[in-house]
Amino acid sequence: MGNSWGDSGSPRQIPVIVLAGFLGSGKTTLLNHLLHRSGGSRIGAIVNDFGAIEIDAMAVAGALGDSTVSLGNGCLCCAVDASELDLYLDRLAAPAAGIDVIVIEASGLAEPQELVRMVLASEHPGIVYGGLVEVVDAAEFDETRAKHPEIDRHLALADLVVVNKLDRADDPDRTLGLVRSLTDRAAVVPATYGRIDPEFLFDCRPSEERIGQLSFDDLHEHGQDGHGQDEHDHAGHLHTGYDSVSFTSEVPLEPRRLMRFLDSRPEGLYRIKGYVDFGPYDPLNRYAVHAVGRFLRFYPEPWAPRGPRLTQLVLIGSGIDADTLGKELEGCKDGAPHADEHGMWGVLRYVQGPDEAEADLEDPPA
């Protein structure tokens with residue numbers, strides 16, 4: 001939602017996404033895919049535990065230590081360790097950097113919860129938590145769980161789980177079912193070659209895709225024995241999309257009804273973004289809403305002097321029931337002309353910073 005409310009005078013916040021998964025799960029391939037399909041959005045990629053990562057210009061530049069490299073399409077990449085994370089978040093969130101979304105690729109052996117906590121604890125006003133994305137290798141999932149039982153805990157924390165290499169799994173349906181049983185209402189999406197639609201994670205700016213720069217990753221993937229031709233055949237389309245619901249209302253929403261809806265949001269609903277009109281509960285402000293997984297935040301901002309007062313929301317997820325969600329939002333409408341003095345308490349809990357957000361991470365709504 002980093003681009004969504006910068007035109008109204010409220011702070012423009014850049015979503016910070018933590019991308020985690022064990023070694024070989026396909027995190028780098030997914031990050032490369034996001035870079036290529038960013039639609040003109042500028043991505044700041046922070047790589048924790050640099051190693052032999054292969055991200056466009058970085059592969060040519062060699063071992064970069066703690067330097068920052070331009071990837072040639074407006075994207076920047078930093079190789080850092082955890083102690084430097086705040087420094088680089090601050091650098092990438094600076095307006096002069098022009099970054100729209102920041103992706104932190106965790107080491108294959110990293111503890112993703114600690115990276116999430118560091119993002120939530122950041123006091124930088126220019127960033128907002130964008131979710132924990134966990135990538136798993138479907139073909140090696142059983143063996144990975146046997147060697148690394150902590151993966152169950154990682155999946156329980158995730159907001160989005162990408163079940164990668166599903167085409168190589170012996171029993172894809174069983175693997176998907178097992179992963180879903182280990183998550184806490186996270187969106188679980190199947191993928192091959194790390195290909196998920198970036199709009200699932202962040203708002204892509206409409207523009208032409210990057211052309212004229214053949215990346216190292218392109219050469220690497222197309223040259224793989226037994227897989228290059230299949231990748232080439234499928235390069236023109238995405239294997240995993242998303243479902244979305246758009247909701248607009250001229251009637252204000254009743255805050256307690258909306259909070260009941262948000263507290264019980266269903267499995268697979270990954271993002272909610274937009275603006276809410278609470279009518280008489282706050283006639284001076286509309287509320288920008290940003291929800292990802294279990295994380296929720298509201299931002300009050302003054303209404304424009306002229307123009308309609310509307311609630312406009314977009315819900316994004318995988319396997320969500322659009323009709324049911326639409327009806328539930330319709331049920332949040334409130335035509336009453338007067339406000340209950342206690343009605344906004346539930347909303348205001350999510351107006352202030354990271355303390356509540358961290359509480360949400362530990363104790364998600366029932």
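Which residue of β13 stands opposite Val 245? Val 245 stands opposite Leu 315.

The structure is a predicted model, in which local features need pLDDT of at least 70 and side-chain atom pairs count only at pLDDT 80 or more, whereas totals for chains, interfaces and linings use all residues. Residues are numbered from 1 along each chain as its sequence is written, and side-chain values use heavy atoms, with hydrogens and water left out.

**View 1. Strand β13 and its burial.** Strand β13 covers residues 311-317. Strands (E, at least two residues) are DSSP runs, numbered from the N terminus. Five of the seven residues of β13 are buried, so this strand is largely enclosed by the rest of the structure. Buried means under 20% relative accessible area, with a 1.4 Å probe and protein chains only.

**View 2. Antiparallel partners of β13.** Two strands pair if DSSP finds at least two bridges between them. Strand β9 (residues 243-249) pairs with β13 in the antiparallel sense over seven bridges. Strand β10 (residues 269-276) is also paired with β13 in the antiparallel sense, over six bridges. Here Arg 271 has Ile 316 of β13 as its bridge partner.

**View 3. Strand β6 and its parallel partners.** In strand β6 (residues 127-137), 11 of 11 residues are buried. Strand β1 (residues 14-20) runs parallel to β6 and is joined to it by six bridges; Ile 14 stands opposite Ile 127 in β6. Strand β7 (residues 160-164) also runs parallel to β6, with five bridges between them. Asp 137 stands opposite Asn 164 in β7.

Key:
Buried < 20%, exposed > 50% of the residue type's maximum accessible area, 1.4 Å probe, protein only. Helix = DSSP H or I, 4+ residues; strand = E, 2+ residues; numbered from the N terminus.
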